[in-house]
Amino acid sequence: MSQDIGETRDRATPPGRAGDAHLLRRLNLSATVRAFLDAASLTVSDVRSVVGVSRPTAEELVATLLDEGFVREALDRPNGERSAGRPARRYEVVAENFAVVGVDIGAHKVAVVVCDLRGNVLAVRRRSVDSRIGPGGRIGAAARLVEATLRQTGTDRDHIRSVACGITGVGANGSEVMDIRTVPAGQDLDVYSLPGFDRIDVVSEVSERFKRDVLVSNDIHLAAVAEQWQGGAGARDLVYMHAGRRLGAAIVINGQIHNGRHGLAASVGSMKILGWAEAMTQLDRESRRLAGSAAEESTSGNVRALFEAAANGDRAAVRTVDRVAEALALGASVLVHAVDPDLVVLGGGLSRAGDVLGGPFGRHLAATSLNSPEFRVSLLGDESVALGAARLALDDLKERLLAVQA
């Protein structure tokens with residue numbers, strides 16, 4: 001089925017007015033699609049009322065969407081609906097046949113979320129990857145995880161209508177990864193992009209491996225999108241702080257991600273005065289010390305053990321967690337003073353520690369902000385980037401479904 005509903009030309013179009021009649025039909029069809037997206041189910045009379053057309057036209061519009069497989073007859077009636085006679089037929093979107101995939105390609109993992117057209121999450125999968133592998137291996141691992149997820153959930157690949165991907169370091173144009181060490185403010189900082197990704201055309205490489213066009217965006221920005229969508233944030237303006245294997249931030253203004261001119265908005269991690277790099281180095285060193293590990297970097301298990309030790313009162317672990325919380329709070333405070341948001345959200349994998357990290361973060365934020373906004377710890381954790389990518393793919397699909405071509 002075409003992703004743009006109603007490609008077929010109206011055979012009843014009268015001669016001499018073909019262009020106008022065809023465009024009108026397309027406009028009516030787009031309005032009908034929107035009506036079905038906005039409602040759980042509709043009758044032909046509902047379509048007639050919402051779209052503002054005659055009953056025969058409403059019947060023809062619904063018949064077209066039935067033929068296209070976009071809607072089907074609904075078996076359930078809305079709660080409380082009463083009818084003296086035979087109830088009118090109701091129709092609903094075949095949401096599972098218009099699915100989207102969100103992908104997170106990170107330093108230590110790849111993750112996949114599959115959603116239907118209603119935004120219902122159908123599957124969540126993740127897989128660890130070696131932090132040293134290059135772009136080909138990392139993108140390949142993500143593509144294989146997508147295929148495995150579709151097989152395991154019984155999702156028809158033809159029903160996947162849009163795919164989006166979050167990748168560390170991607171700028172606003174969705175294709176270029178900037179190595180921040182190449183600019184004066186980024187010298188001596190840890191690289192914030194994945195190995196080798198600053199030397200490839202990210203969109204082309206990902207799309208080629210996935211065998212379809214893929215939307216690509218910055219991972220931290222997508223995590224903030226997920227908070228707006230699935231995190232129950234509800235705030236129009238928010239600051240999102242990401243605490244994972246690295247620290248990051250994003251800004252949402254009036255419900256939209258603020259990318260900035262070069263996609264570098266909220267890149268407070270490059271401000272050396274905040275001490276993000278030192279805080280994460282201390283976290284890595286202390287977690288390996290507690291585990292007695294001689295490895296070059298800590299594992300997820302090492303980091304979890306560190307937070308457990310902090311929760312149990314280990315002084316060195318408490319100091320380490322407090323240092324990370326302070327660095328995060330200083331970055332959040334910079335953004336809070338600039339944006340004056342309704343809400344600050346602490347997310348990322350480390351946020352799963354809950355109050356162990358959230359408690360000191362909240363205290364440092366309150367101590368460094370003129371007017372401290374509401375603060376909460378995210379409930380999404382490691383799935384936030386893939387969820388945000390799924391939302392990006394969903395918005396793209398809806399935009400194409402509603403497009404009107406003259």
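**Figure 1. Salt bridge between D382 and R126 in the predicted model.** The side chains of D382 and R126 meet in a salt bridge, with 2.7 Å from N to O; a salt bridge is a side-chain nitrogen of Lys or Arg within 4 Å of a carboxyl oxygen of Asp or Glu. The pair links distant parts of the chain, 256 residues apart: D382 lies in the loop between β12 and α11, and R126 in strand β5 (residues 121-128). Helices (H or I, at least four residues) and strands (E, at least two) are DSSP runs, numbered from the N terminus. R126 is partly exposed, at a relative accessible area of 41%; buried means under 20% relative accessible area, exposed over 50%, and partly exposed in between (1.4 Å probe, protein chains only). This is a predicted model, in which local features need pLDDT of at least 70 and side-chain atom pairs count only at pLDDT 80 or more, while totals for chains, interfaces and linings use all residues. Residues are numbered from 1 along each chain as its sequence is written, and side-chain values use heavy atoms, with hydrogens and water left out.

Figure 2. The structure holds 17 salt bridges. One of them joins the side chains of R55 and E59 at 3.3 Å, N to O. R55 is partly exposed at 37% relative accessibility, and E59 is partly exposed at 39%. R400 counts as partly exposed, with 22% relative accessibility. An α-helix has 3.6 residues a turn, so residues three or four places apart point the same way.

**Figure 3. The aromatic pair F70 and F98****.** The structure holds two aromatic pairs; rings of Phe, Tyr and Trp (its six-membered ring) pair if their centres lie within 6.5 Å, and planes under 30 degrees apart count as stacked, over 60 as edge-to-face and the rest as tilted. F70 and F98 form an edge-to-face pair, 5.3 Å centre to centre with 80° between the planes. Because F70 lies in the loop between α3 (55-67) and β1 (71-73) and F98 in the loop between β2 (91-93) and β3 (99-105), the pair ties together parts that are 28 residues apart in sequence. F70 is buried, with a relative accessible area of 0%, and F98 is buried at 1%.

**Figure 4. The aromatic pair F361 and F375****.** This pair is tilted, with 5.0 Å centre to centre and 45° between the planes. F361 lies in helix α10 (residues 355-368) and F375 in strand β12 (residues 374-377), so the pair ties together parts that are 14 residues apart in sequence. F361 is buried at 0% relative accessibility, whereas F375 is partly exposed at 26%.

**Figure 5. Helix α9 and its ends****.** Helix α9 (residues 315-339) has 25 residues and reaches 35 Å from its first C-alpha to its last, close to the 36 Å expected at 1.5 Å a residue; the expected span is 1.5 Å times one less than the number of residues. At the start of α9, a side-chain oxygen of D314 reaches to within 3.2 Å of the backbone nitrogen of A316. Just after α9, D340 takes a positive phi of about 55°.

Conventions. A polar contact is a pair of N or O atoms within 3.5 Å; within protein, one must be able to donate a hydrogen and the other to accept it, and residues adjacent in sequence count only if both atoms are side-chain atoms.
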